[in-house]
Amino acid sequence: MVRSEASRCQLSAVVRAATKRTLVQQVIEQIALALTGIFAGAVLVLLLGTQILDERWMALVAAAAAGFVIWRVRRRRLTEYCVAQLLDDRLGLRDTLSTAWFLTSKPQKRESTLAPLQVARAEELLLALNTESALPFTGRRACMWAAVSAFLAAGRSEEHTSELQSHHD
């Protein structure tokens, strides 16, 4: 019984850490996507020459972007069971982790004769695997687009500022 408790704790720790990792990745990716939209909008405004870049509009855009990020992250957040399934899939574990997670997360299922065997098998596999490698950072493209749009916005803003100074001289 003590081994089963320790296995459940190890299994729980791995699944929760993987869930946290997927959440952090999702937040980073969605923030990068929102920043891309903000910077692309700034480039468009600067190209059109419209003078709406005062504090109120920027605050409104920032609030809308924050709302967008929160909405997308909440909508795309994976449950711990789904993360266990994802780990199973990516590590080729044939539902070993997700079944053990299911059996240990439901109090009525813990009493099953299958539960300790499944948890023990999952624990064996966890000792030999690197679960972080199954969840690599996937937001590189979104971050790249955010950086490119920020670079373009900064460049266009510099040109716009130079044009305004030359008109005043």
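User: What is a pocket, and what are its lining residues?

Analyst: A pocket is an open set of grid points with protein on both sides, and its lining residues have an atom within 4 Å of a point. This model is predicted. Helix 1, helix 2 (55-76) and helix 3 each supply at least two residues of the largest pocket's lining.

User: Which helix gives the most to that lining?

Analyst: Helix 1, with five residues. The lining has 14 residues, and Thr22, Gln25, Gln26, Leu78 and Leu86 lie nearest the pocket's centre.

User: How is empty space found?

Analyst: A probe the size of a water molecule is rolled over the atoms, which shows where space is left. Here the largest pocket holds about 220 Å³. Its lining has six nonpolar, four polar and four charged residues.

User: How many residues are in the largest nonpolar core?

Analyst: There are 17, and Leu11, Leu87 and Leu97 have the most contacts inside this core. Helix 1 (2-48), helix 3 (80-91), helix 4 (96-105) and helix 6 (114-128) each supply at least two of its residues. A second, separate core has five residues, including Ala34, Ala65, Val69 and Val73.

User: What does Leu97 contact, leaving aside its neighbours within four places in sequence?

Analyst: Leu11, Ala84, Leu87, Asp88, Ala122 and Leu126.

User: How many aromatic pairs does a search of the whole structure find?

Analyst: Two. In one of them, the ring centres of Phe68 and Trp71 are 6.5 Å apart and the planes meet at 40°, so the pair is tilted. Both residues lie in helix 2, three residues apart, about one turn of the helix.

Conventions
Residues numbered from 1 in each chain as written. Predicted model: local features only at pLDDT ≥ 70, side-chain atom pairs only at ≥ 80, totals over all residues. Heavy atoms only, no water. Core = buried A, V, L, I, M, F, W, Y, C linked by side-chain atoms within 4.5 Å. Buried < 20%, exposed > 50% of the residue type's maximum accessible area, 1.4 Å probe, protein only. Helix = DSSP H or I, 4+ residues; strand = E, 2+ residues; numbered from the N terminus. Contact = heavy atoms within 4.5 Å. 1 Å grid on protein atoms, 1.4 Å probe; cavity = no way out; pocket = protein on both sides within 12 Å on 5 of 7 lines; lining within 4 Å. Points joined across faces, edges and corners; volume = space filled by probe spheres on them. Nonpolar A, V, L, I, M, F, W, Y, C, P; charged D, E, K, R; others polar. Phe/Tyr/Trp six-rings, centres within 6.5 Å; stacked < 30°, edge-to-face > 60°.
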